[in-house]
Amino acid sequence: MDSELRRQLLDTWAIHGRIILFVLGSVDPAALAAADIKGRSAGNQFAHLHNVRLMWLQAAMPERLQGLEKLDAGQAADPSRLSQALDASGKAIADLLGRCLDSGKIKGFKPHPIAFLGYLIAHESYHQGDIGVRLTQAGHPLSQKASYGMWEWGSR
């Protein structure tokens, strides 16, 4: 793979990770535990992102799980713990992506590593939108700064 394309793809994942952490950092910590009528709280949604990353690491690069732990519901209201976990799992996924971009394949995923990157970003972006909806329904909408700031990929 062309080294510049590889760098850009990994940078795309890094930007996405910073956006997720930016949105998390904009949520009032008290709102992380607030839930809508049914389903996961915003904090549980962020924990889900981390836990799904671990699931992919388990399937495709289990040696990279060292030092990473699944988050349970009790940890989902702690913004510091969520941020630390998402940062660490994001870096581990970057390692996985790097290895897979070099080899041209990813264990347990078809068709190819670039599609896997798209899949990860699509999945996490879906939940990021759901977080915004759930926070609004629970009376804690994202600020305009966060709502618009998540689209500022050139400055994140």
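**Entry 1: the model.** I am working from a predicted model, so what I jot down here is computed from its coordinates.

**Entry 2: helix α2.** I started with α2, which runs over residues 42-60 and has 19 residues. I looked up its reach from the first C-alpha to the last and got 28 Å, close to the 27 Å expected at 1.5 Å a residue. Then I checked the cover: 15 of the 19 residues in α2 are buried, so I wrote it down as mostly covered, with buried meaning under 20% relative accessible area.

**Entry 3: α1 against α2.** How far apart are the axes of α1 and α2, and at what angle do they pack? I found the axes 11 Å apart and the angle about 150°. The cut-off for roughly antiparallel is over 145 degrees, and α1 and α2 therefore go down as roughly antiparallel to each other. On the α1 side the contact uses W13, I20, V23 and L24, and on the α2 side F46, L49 and R53. By class I have 6 nonpolar residues, no polar ones and 1 charged.

**Entry 4: α1 against α3.** Next I took α1 (residues 3-26) with α3 (residues 79-103), whose axes come within 10 Å and cross at roughly 170°. That angle makes α1 roughly antiparallel to α3. I noted the crossing of α1 past α3 as right-handed. From α1, the contact residues are R6, L9, L10, W13, I20, L21 and L24. From α3 I listed several, including P79, L82, L86, I93, L97 and L101, along with the glycines G90 and G98. D87 and D102 of α3 are in the contact too. The class count for α1 with α3 is 13 nonpolar, 3 polar and 3 charged.

**Entry 5: S80.** Is S80 buried or exposed? I get 53% relative accessibility for S80, so it counts as exposed, the cut-off being over 50%. S80 has its place in helix α3.

**Entry 6: P111.** Last, I checked a peptide bond. The one from K110 to P111 is cis, with omega near 15°. As for where P111 is, I placed it in the loop between α3 and α4, the latter being residues 113-137.

Note on methods: Residues are numbered from 1 along each chain as its sequence is written. This is a predicted model: local features need pLDDT of at least 70, side-chain atom pairs count only at pLDDT 80 or more; totals for chains, interfaces and linings use all residues. Side-chain values use heavy atoms; hydrogens and water are left out. Helices (H or I, at least four residues) and strands (E, at least two) are DSSP runs, numbered from the N terminus. The expected span of a helix is 1.5 Å times one less than its number of residues. Buried means under 20% relative accessible area, exposed over 50%, partly exposed in between (1.4 Å probe, protein chains only). Axes are lines fitted to C-alpha atoms, for helices over the stretch in contact, and angles run from 0 to 180 degrees between N-to-C directions. Angles under 35 degrees count as roughly parallel, over 145 as roughly antiparallel, 65 to 115 as roughly perpendicular and the rest as oblique. A crossing is left-handed if the near helix is turned anticlockwise from the far one by less than a right angle, and right-handed if clockwise. Contact means heavy atoms within 4.5 Å. Ala, Val, Leu, Ile, Met, Phe, Trp, Tyr, Cys and Pro count as nonpolar, Asp, Glu, Lys and Arg as charged, and the others, Gly among them, as polar.
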